[in-house]
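Trainee: I am new to this structure. Could we go through a few of its details one at a time?

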Amino acid sequence: WGATPGKMLFGLKVVSFHSLVPLNFMQALIRVVTDQLSLVFGLAPRFYAFMRFDRRHISDLVAETRVVQSQARQEMPNRRWVLA
C-alpha cells in the first residue's frame with residue numbers, strides 16, 4: 001500500500017524518489033533496516049531530518065524514497081509561529 005497505518009491516517013505514502021511510483025520490496029527492506037540501524041546512533045539520525053529542507057530521513061536517503069501526501073492540499077496550511 002506504500003504506507004504504514006500511521007501514514008495512512010495522516011494521508012501520507014512512501015514513493016520512489018525519482019518518480020511517484022510506489023516503492024518496491026527492496027526499497028522497503030532497505031528503508032526498514034536502515035531505520036533500525038539508526039537506533040544504534042541514538043536520536044541524531046532522527047534530528048537530521050529536521051535539519052534538511054525536504055525533511056528526508058537518513059533511511060529515505062539510503063533507500064532513495066520520499067514521503068508525499070496521498071492527495072493534493074486544498075489550500076496552504078496556516079503557519080503558527082508560536083508553536084514553531
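Mentor: We start with a definition: helices are DSSP runs of H or I with at least four residues, and they are numbered from the N terminus. The model is predicted.

Trainee: Where is Thr4 placed?
Mentor: Helix α1 covers 5–9. Thr4 belongs to the segment before α1.

Trainee: Is Thr4 buried, partly exposed or exposed?
Mentor: Buried means under 20% relative accessible area and exposed means over 50%. The relative accessibility of Thr4 is 43%. Thr4 therefore counts as partly exposed.

Trainee: What separates the C-alpha atoms of Thr4 and Val14?
Mentor: Along the chain, Thr4 and Val14 are 10 residues apart. The separation of their C-alpha atoms is 9.0 Å.

Trainee: Which side chains meet in a salt bridge?
Mentor: Side chains of opposite charge can pair when their charged atoms come close. The rule asks for a side-chain nitrogen of Lys or Arg within 4 Å of a carboxyl oxygen of Asp or Glu. By this rule the count is one salt bridge. With an N to O distance of 2.6 Å, the pair is Asp60 and Arg31.

Trainee: How many residues apart in sequence are the parts that this pair ties together?
Mentor: Asp60 lies in helix α4 (residues 58–63), and Arg31 lies in helix α2 (residues 25–38). Both Asp60 and Arg31 are buried. The pair therefore ties together parts whose separation in sequence is 29 residues.

Trainee: What is phi of Glu64 near?
Mentor: Glu64 sits in the loop between α4 and β2 (65–69). Most residues other than glycine have a negative phi. Glu64 has a positive value, near 55°.

Technical notes. Residues numbered from 1 in each chain as written. Predicted model: local features only at pLDDT ≥ 70, side-chain atom pairs only at ≥ 80, totals over all residues. Heavy atoms only, no water. Helix = DSSP H or I, 4+ residues; strand = E, 2+ residues; numbered from the N terminus. Buried < 20%, exposed > 50% of the residue type's maximum accessible area, 1.4 Å probe, protein only.
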